[in-house]
Amino acid sequence: MSRGEVVQALSGLMLGMFVAILASTVVSNALPRIIADLDGSQSVYTWIVTTELLAMTATVPLWGKLADLYNKKLLIQISLALFVAGSLIAGFTPDVGVLIVSRVVQGIGAGGMTALATIVLAAIIPPREMGRYSGMFGAVFGVATIAGPLIGGVLVDTSWLGWRWCFFIGVPFSLAAIALLQKTLHLPSVRRAGVKIDWLGAFLITAGVSTLLIWSTLAGQHFDWASGETAAFVAGGVVLLALAVWVESRADEPIIPLGIFRNRTVTLTIVASVLVGVAMFGGTVFLSQYFQVALGKSPTVAGLMSLPMIFGLLVSSVVAGALITKFGRWKIYLVAGAIIMTIGMLLLSTIGAGTSVLMISIHMAVLGIGVGMLMQNLVLAAQNDVPAAELGAATSTLTFFRSMGGAIGVSALGAVLAGKVTSGFAEKFGAAAGNGGTAEVPDVSTLPPQVLAVVKDIYGTATAELFLIGAPIAALAVIAVLFIKEKPLSTLSGDERRAQEEAAATGIPLH
């Protein structure tokens with residue numbers, strides 16, 4: 001593919017990536033309205049977000065393995081089609097039950113899109129040239145993650161649109177991406193005789209991860225962290241994952257080749273990705289609630305307040321990518337990004353109900369700069385260090401662990417936030433105010449001034465503590481990337497490397 005064809009194909013990939021990631025966050029500001037309109041309970045609130053994230057996380061390894069065996073272009077179009085189907089069902093949903101099912105379908109499609117976009121990128125672009133493009137993808141990923149609440153808030157506050165457009169908005173973009181990829185993406189078909197998909201391994205991985213994610217979502221709210229239910233969920237998840245490892249070690253075509261964990265770079269980038277997911281998603285997801293409750297902003301204004309983080313992430317991701325392409329050095333950006341991300345988390349741990357918008361914006365920009373330098377370049381480091389035949393598995397494994405870190409971070413830190421808020425209400429207003437940790441988020445517009453000041457302080461303090469918990473987790477990412485060994489970036493694309501490796505294995509020279 002020529003450079004012009006590559007740019008055209010990337011536009012379709014980035015469009016699909018944007019809407020897939022957007023689906024995870026666009027509903028955050030719309031959830032109170034959705035729950036009210038569909039007569040849902042408070043317990044449904046969390047599930048509308050976590051079912052989509054869970055389905056996306058659990059199916060990423062399977063999509064990655066399929067990409068190593070079948071036509072990547074067809075797979076990415078199938079994933080976009082699934083996303084469209086889920087979005088339409090969600091937009092027309094009559095009740096919360098159908099909505100949760102539609103979010104699962106959306107999540108499966110989004111899982112394919114997020115895994116396959118990076119895999120296709122590696123197939124058509126050499127690592128030595130990847131920095132420029134991976135920076136753009138990192139920016140798209142970050143912008144979609146953080147801009148979702150802004151877009152959702154605007155849709156909810158616009159009377160002639162409403163919350164259903166939080167689901168409809170992705171449909172035309174997804175259809176455009178399918179058409180654009182059909183016209184511009186040209187990849188050789190991979191046809192291998194006797195291919196066997198390890199469906200048992202896929203089931204065990206999905207079941208094990210889903211069990212642990214469901215536990216981290218429910219613990220602290222529906223039952224105690226130290227309880228019989230926790231023991232049952234954790235034991236079940238660990239047993240299922242242990243069985244998955246046993247099955248994968250004996251499968252001809254494992255979903256996650258265990259051999260890639262013998263690669264030091266891959267293992268360390270996976271560890272760093274989990275930590276980034278926990279720190280970034282676990283902390284930033286709750287900023288929107290902080291803006292609306294602790295600072296008293298509207299959904300639209302709360303979304304606008306996330307722009308400094310978007311800008312910091314966008315600039316650092318693109319600039320770091322361009323510098324990597326120019327000079328061929330990449331480790332310095334991983335280390336610097338991890339350090340800056342940790343500093344950003346520490347700065348945000350100082351916020352409260354009285355913090356000025358300017359100071360919050362500066363703190364968020366610092367966090368965005370760090371994440372932008374780190375997130376996508378971890379993928380680049382791993383892709384540069386594995387055989388071409390394992391590009392799909394390595395990339396999807398990295399994406400899988402980052403998403404799982406994010407899901408665990410959101411669930412666990414969400415439970416911490418609920419506990420802090422409940423204890424704060426109990427301390428200030430008496431034990432009945434906590435309502436067992438299930439009280440709804442208060443409508444600050446209806447509270448008298450004296451009560452409002454106390455509520456704002458409770459939410460401001462609780463949110464700051466989340467970032468204080470997230471800071472040492474981010475600091476562990478610094479240690480992980482310090483031990484990654486920097487290797488020169490390859491000048492061959494994934495398809496060229498695959499052809500070269502196959503020629504070396506068969507003894508037939510390339511012409």
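This is a predicted model: local features need pLDDT of at least 70, side-chain atom pairs count only at pLDDT 80 or more; totals for chains, interfaces and linings use all residues.

Analyst: Residues are numbered from 1 along each chain as its sequence is written, and side-chain values use heavy atoms, with hydrogens and water left out.

User: How far apart are the end C-alpha atoms of helix 14?

Analyst: Helices are DSSP runs (H or I, at least four residues), numbered from the N terminus. The expected span of a helix is 1.5 Å times one less than its number of residues. Helix 14 covers residues 307–327, which makes 21 residues, so it should span 30 Å. The separation of its end C-alpha atoms agrees with this, at 30 Å.

User: Which residue just after helix 14 takes a positive phi?

Analyst: Helix 14 has a number of buried residues, among them Met309, Leu313 and Ile324. Just after this helix, a positive phi of about 80° is taken by glycine 328.

User: Is glutamine 77 buried or exposed?

Analyst: Glutamine 77 has its place in helix 4 (residues 72–91). Not counting residues up to four places away in sequence, it touches Ile178, Leu181 and Gln182, where contact means heavy atoms within 4.5 Å. Buried means under 20% relative accessible area, exposed over 50%, and partly exposed in between (1.4 Å probe, protein chains only). With a relative accessible area of 13%, glutamine 77 is buried.

User: What distance separates the C-alpha atoms of glutamate 390 and isoleucine 260?

Analyst: Glutamate 390 is found in the loop between helix 16 (357–383) and helix 17 (391–429), and its relative accessibility of 27% makes it partly exposed. Not counting residues up to four places away in sequence, glutamate 390 touches Asp68 and Ile260. Glutamate 390 and isoleucine 260 are 130 residues apart along the chain, and their C-alpha atoms are separated by 8.1 Å.

User: The structure holds five aromatic pairs. Why is the pair of tryptophan 165 and phenylalanine 168 classed as it is?

Analyst: Rings of Phe, Tyr and Trp (its six-membered ring) pair if their centres lie within 6.5 Å; planes under 30 degrees apart count as stacked, over 60 as edge-to-face and the rest as tilted. Here the ring centres of tryptophan 165 and phenylalanine 168 are 5.5 Å apart and the planes stand at 75°, so the pair is edge-to-face.

User: Where do tryptophan 165 and phenylalanine 168 lie?

Analyst: At 38% relative accessibility tryptophan 165 is partly exposed, whereas phenylalanine 168 is buried at 14%. They are three residues apart, about one turn of the helix, and both lie in helix 7 (residues 165–168).

User: How many residues apart are phenylalanine 261 and phenylalanine 401?

Analyst: Phenylalanine 261 and phenylalanine 401 form an edge-to-face pair, 6.4 Å centre to centre with 90° between the planes. This pair links distant parts of the chain, phenylalanine 261 being in the loop between helix 10 (228–250) and helix 11 (264–284) and phenylalanine 401 in helix 17, with a separation of 140 residues.

User: Which helix gives the most to the nonpolar patch?

Analyst: The surface patch of about 480 Å² is made by Met136, Phe311, Leu314, Val315, Val318 and Val319. Such patches consist of residues with over 30% relative accessible area and no salt bridge, nonpolar side chains being joined within 5 Å; a salt bridge is a side-chain nitrogen of Lys or Arg within 4 Å of a carboxyl oxygen of Asp or Glu. With five residues, the most is given by helix 14.

Terms used
Helices (H or I, at least four residues) and strands (E, at least two) are DSSP runs, numbered from the N terminus. Patches are made of residues with over 30% relative accessible area and no salt bridge: like charges are joined within 9 Å, nonpolar side chains (Val, Leu, Ile, Met, Phe, Trp, Tyr) within 5 Å. Accessible areas come from the Shrake-Rupley method with a 1.4 Å probe; for residues, only the protein chains shown count as cover.
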